[in-house]
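User: I am new to this structure. Please take me through it in short questions and answers.

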Amino acid sequence: MTQEQISRFRQRLAIGLADLHKRWAPHPAQAQIGHALLVRGCTDIFAVCGRNFGKTELVAYLLWRYAFTYPGSENYYFSPFMKQSREILWETNRLQSFGPKSWLNGNPNNTEMRIRFRNGFHAEHHGGLSGIIAAPAKQRPTPQPGRHPT
């Protein structure tokens, strides 16, 4: 990548993130989780979060932000049951309407609970596990069973 391309990417990133941040800003505890994923590059994050922590908004934010930052990546949101994903994130329209519509490539697929973005990124929801998996383009993750603290 040339210096000019890097500069254009940084400009586009700054403008896009500013647009996303107009809609929502994390509180300090949410920011720590986002920082661990987005800045420090942690791949396994375990957070104990109670009611009204803002877990759903944080997941929506992280998926949209990851979408903008990493074009072409495939990202998956898992909950213990597909019904939970549908009720919590999808049927409430929380994920689909979280960020700027200009980022989307067409309408969300309600059957598959999938959002496609103009930059090739997509996000899907599945049941049977808990967590978020983010993978570079053309690399499918292998879900691992969740671990519970003892």
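This is a predicted model: local features need pLDDT of at least 70, side-chain atom pairs count only at pLDDT 80 or more; totals for chains, interfaces and linings use all residues.

User: Does Phe 81 count as buried or exposed?

Analyst: The cut-off for exposed is over 50% relative accessible area. Phe 81 has 56% relative accessibility, so the residue counts as exposed.

User: How far apart in space are Phe 81 and His 126, C-alpha to C-alpha?

Analyst: In sequence, Phe 81 and His 126 are 45 residues apart. In space, their C-alpha to C-alpha distance is 7.6 Å.

User: What pattern does the protein follow along the sequence?

Analyst: The secondary structure comes to four helices and four strands. Read along the sequence, the pattern is α-α-α-β-α-β-β-β.

User: What share of the contacts with a separation of 6 or more comes from residues 24 or more positions apart?

Analyst: Contact here means heavy atoms within 4.5 Å. Among contacts in the protein with a separation of 6 or more, residues 24 or more positions apart account for 70%.

User: Are H1 and H3 roughly parallel or roughly antiparallel?

Analyst: The axes of helix H1, residues 3–23, and H3 come within 10 Å and cross at roughly 160 degrees. Angles over 145 degrees count as roughly antiparallel. H1 is therefore, relative to H3, roughly antiparallel.

User: Which residues of H3 make the contact with H1?

Analyst: H1 passes H3 in a right-handed crossing. From H1, the contact uses Phe 9, Arg 12, Leu 13, Gly 16, Leu 17, Leu 20 and His 21. By class, the contact of H1 with H3 has seven nonpolar, three polar and two charged residues. The H3 side consists of Tyr 61, Trp 64, Arg 65, Phe 68 and Thr 69.

User: And H2 with H3: why do they count as roughly parallel?

Analyst: Helix H2 spans residues 28–38, and helix H3 spans residues 55–69. Their axes are 11 Å apart. Angles under 35 degrees count as roughly parallel. H2 and H3 are therefore roughly parallel, packing at an angle of about 30 degrees.

User: Which residues of H3 touch H2?

Analyst: The crossing of H2 past H3 is right-handed. H2 brings Gln 30, Ile 33, Gly 34, Leu 37 and Leu 38 to the contact. The residues of this contact divide into six nonpolar, two polar and one charged. From H3 come Leu 58, Leu 62, Arg 65 and Tyr 66.

User: Which residues are buried in H2?

Analyst: Buried means under 20% relative accessible area. The cover over the buried residues of H2 includes H3. Those buried in H2 are Gln 30, Ile 33, Gly 34, Ala 36 and Leu 38.

User: What percentage of the residues of the protein count as buried?

Analyst: The protein has 150 residues. It exposes about 9800 Å², with carbon and sulfur atoms supplying 52% of that area. The buried share of the residues is 35%.

User: Does Asn 52 count as buried or exposed?

Analyst: Asn 52 sits in the loop between H2 and H3. Its phi is positive, about 65 degrees, although Asn 52 is not a glycine. At 78% relative accessibility, Asn 52 counts as exposed.

User: What does Asn 93 count as, by relative accessibility?

Analyst: Asn 93 is placed in the loop between H4 and strand S2, residues 114–116. Asn 93 has a positive phi near 65 degrees, in a residue other than glycine. With 35% relative accessibility, Asn 93 counts as partly exposed.

Technical notes
Residues are numbered from 1 along each chain as its sequence is written. Side-chain values use heavy atoms; hydrogens and water are left out. Axes are lines fitted to C-alpha atoms, for helices over the stretch in contact, and angles run from 0 to 180 degrees between N-to-C directions. Helices (H or I, at least four residues) and strands (E, at least two) are DSSP runs, numbered from the N terminus. Angles under 35 degrees count as roughly parallel, over 145 as roughly antiparallel, 65 to 115 as roughly perpendicular and the rest as oblique. A crossing is left-handed if the near helix is turned anticlockwise from the far one by less than a right angle, and right-handed if clockwise. Ala, Val, Leu, Ile, Met, Phe, Trp, Tyr, Cys and Pro count as nonpolar, Asp, Glu, Lys and Arg as charged, and the others, Gly among them, as polar. Buried means under 20% relative accessible area, exposed over 50%, partly exposed in between (1.4 Å probe, protein chains only). Accessible areas come from the Shrake-Rupley method with a 1.4 Å probe; for residues, only the protein chains shown count as cover.
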